[in-house]
Amino acid sequence: MSASPTSSPKTSAQLSVPLSTQLPDISGMSDAQTRLFEEINARQNAVEHKDDLIERQGYRVGDLRILAKFDATSELTVMPSIYRLPGAPDGVKGLANLHGNVVPVFELARWFNVTHDPKATAMLLVLGYGDEAIGVIIDGLPVRKRFSPNDAVSVDLGHPRMARFSTAAYREQGNQSDQYTVWMEFDHQRFFETFARRFAAK
């Protein structure tokens with residue numbers, strides 16, 4: 001099967017950040033980007049349930065608000081070249097070569113029928129490690145989110161198509177007392193296994 005590369009627009013910071021290791025040279029980045037990357041990296045080995053608070057890495061895909069445990073994410077990078085796969089299902093962007101490892105890249109916006117934020121910089125977040133790693137395209141940089149156990153809600157309150165791939169959901173209060181946002185914890189392994197079974201059956 002042949003694959004054709006597609007190139008993403010270049011940005012001022014062509015940088016890949018392994019989230020489980022020390023930061024590489026970030027001298028070419030802006031102060032705001034540097035602080036965000038340092039915070040992400042510093043939290044990798046933090047206790048995720050401190051004083052009964054639940055800490056997660058939060059990222060956006062259009063209207064979706066998605067959570068991942070810190071030890072589930074292995075890398076964050078600006079969009080690399082992606083090799084499209086002829087005949088691949090809709091929602092599969094293609095393959096990316098990251099440090100010699102070939103990683104399948106998924107377009108969650110297509111899977112869950114949402115639209116990317118046109119004002120945000122597209123980033124590639126790698127979930128998992130080794131042969132089990134997958135890449136997902138996100139809007140902008142991840143942020144640290146903190147919830148109390150009382151913030152837990154049913155996954156059914158979140159995006160209906162994503163509920164089956166969520167292990168938990170948490171409510172974040174908005175500016176008004178009756179406004180809130182639901183953040184959903186994404187089970188990327190279940191998602192990939194479901195995709196693999198469907199693809200193998202075709």
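Predicted model: local features only at pLDDT ≥ 70, side-chain atom pairs only at ≥ 80, totals over all residues.
Buried means under 20% relative accessible area, exposed means over 50%, and partly exposed is in between (1.4 Å probe, protein chains only). Residues are numbered from 1 along each chain as its sequence is written, and side-chain values use heavy atoms, with hydrogens and water left out.

**Salt bridges**

- A salt bridge here is a side-chain nitrogen of Lys or Arg within 4 Å of a carboxyl oxygen of Asp or Glu. Searching the whole structure turns up 6 of them.
- As background, side chains of opposite charge can pair when their charged atoms come close.
- Arg146 pairs with Glu55, with 3.1 Å between the closest N and O atoms. Arg146 sits in strand E11 (residues 134-147) and Glu55 in strand E4 (residues 53-61), so this bridge ties together parts that are 91 residues apart in sequence. Helices (H or I, at least four residues) and strands (E, at least two) are DSSP runs, numbered from the N terminus.
- Asp90 is exposed, with a relative accessible area of 53%.
- Glu172 and Lys145 make another bridge, their closest N and O atoms being 2.5 Å apart. Glu172 belongs to strand E13 and Lys145 to strand E11, so parts 27 residues apart in sequence get tied together.
- Glu172 is partly exposed at 26% relative accessible area, while Lys145 is buried at 12%.

**Positive phi in loops**

- For context, most residues other than glycine have a negative phi.
- His99 isn't a glycine, yet has a positive phi of about 60°. You'll find His99 in the loop between strand E8 (92-98) and strand E9 (101-106), and with a relative accessible area of 59% it is exposed.
- Asn113 is another non-glycine residue with a positive phi, near 60°. Asn113 lies in the loop between helix H2 (108-111) and strand E10 (122-127).

- Asp187 is in the loop between strand E14 (180-186) and helix H3 (188-201), and counts as buried at 18% relative accessibility.
- A polar atom of the Asp187 side chain lies 3.1 Å from the backbone nitrogen of Arg190.

**Positive patch**

- Arg161, Arg164, Arg197 and Arg198 form a positive surface patch. Patch residues have over 30% relative accessible area and no salt bridge; like charges are joined within 9 Å, and nonpolar side chains (Val, Leu, Ile, Met, Phe, Trp, Tyr) within 5 Å.
- Lys and Arg count as positive and Asp and Glu as negative, with His and the chain ends not counted. The place of a charge is taken as NZ of Lys, CZ of Arg, CG of Asp or CD of Glu.
- Arg161 is in the loop between strand E12 (152-153) and strand E13 (166-173), and is partly exposed at 46% relative accessible area.

Terms used. Areas by Shrake-Rupley, 256 points an atom, 1.4 Å probe, with all protein chains shown as cover. Polar contact = N/O pair within 3.5 Å; in protein donor to acceptor, adjacent residues only side chain to side chain.
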